[in-house]
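Hello,

Here is the structure we talked about. Please open it and follow along with the notes below.

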Amino acid sequence: MHDSHTPQSANDVHPADDRRGFLSKVSSLGMLAGLGASYGTAGAYAARYLYPARPRARAWMYVARVADLPVGASLRYTTPGGEKVTIARQAQTGGPDDFVALSSTCPHLGCQVHWESQNQRFFCPCHNGAFDKSGKGISGPPGEAGQSLPRYPLKSEGGLLYIEAPVENLEIARAPSAPRDGHDACLDESTDGRGGLV
Ligand code: FES
């Protein structure tokens, strides 16, 4: 009588050997996957070094006559790339710091914010998100998440106000079916581009 745990032929494989073989294969596959991921990451860094991302092309563009925007007023501006911006006048010292230009798109879910002069804040009606004068989230979801509205540089020359904004998406922005950010029910359709007071 032979020991029931002793293999009798090449086809008689012990279950423990079978399990060891399986674990060994899994381990090898895991190592290969790890190596692949490492090389992929290294490749991405190398590509970034060899082909660094070009800075976005920007240009100064006319917005409005300074005199046409009294303290407390704001206007909605659309950049050539289709980004909506709210420009608000917050003081009357005569310099460009009287104004602030912030993205109108709420960083929470993409609704449109507006300037509330009486409360000295930008407000998003979708979920009661509020931002201070500089665009920093102070309450609602953007405040809880520490989100801010991206800011655009402004300058005034000869009584005219200019904004610096990206311009490389000019052709894409003109495409009729360019996708829009945010959920449509909350997006403001009333903006027409430049100069319209809101
Ligand atoms: S989309 Fe602005 S607070 Fe939610």
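Start with Gln 120, which is partly exposed, at a relative accessible area of 33%. Keep in mind that the model is predicted.

Gln 120 sits in the loop between E5 and E6. Its phi is near 50 degrees, a positive value in a residue other than glycine. Most residues other than glycine have a negative phi. Asn 128 is another such case: it is not a glycine, yet it has a positive phi of about 55 degrees. Asn 128 belongs to the loop between E6 and E7.

Next, the cysteines. How many disulfides does the count come to? The count is one disulfide. It joins Cys 111 to Cys 126, with an S to S distance of 2.0 Å. The two cysteines are 15 residues apart and link distant parts of the chain. Cys 111 is in the loop between strand E4 (99-103) and strand E5 (114-116), while Cys 126 is in the loop between strand E6 (121-124) and strand E7 (129-131). The link of Cys 111 and Cys 126 is left-handed, with -100 degrees about the S-S bond.

Cys 126 has 25%, so it counts as partly exposed.

Two further cysteines can be checked in the model. Cys 106 counts as buried, at 5% relative accessibility, and Cys 124 counts as buried too, at 2%.

Regards

Notes
Residues are numbered from 1 along each chain as its sequence is written. This is a predicted model: local features need pLDDT of at least 70, side-chain atom pairs count only at pLDDT 80 or more; totals for chains, interfaces and linings use all residues. Side-chain values use heavy atoms; hydrogens and water are left out. A disulfide is a pair of cysteine sulfur atoms within 2.5 Å. Helices (H or I, at least four residues) and strands (E, at least two) are DSSP runs, numbered from the N terminus. Buried means under 20% relative accessible area, exposed over 50%, partly exposed in between (1.4 Å probe, protein chains only).
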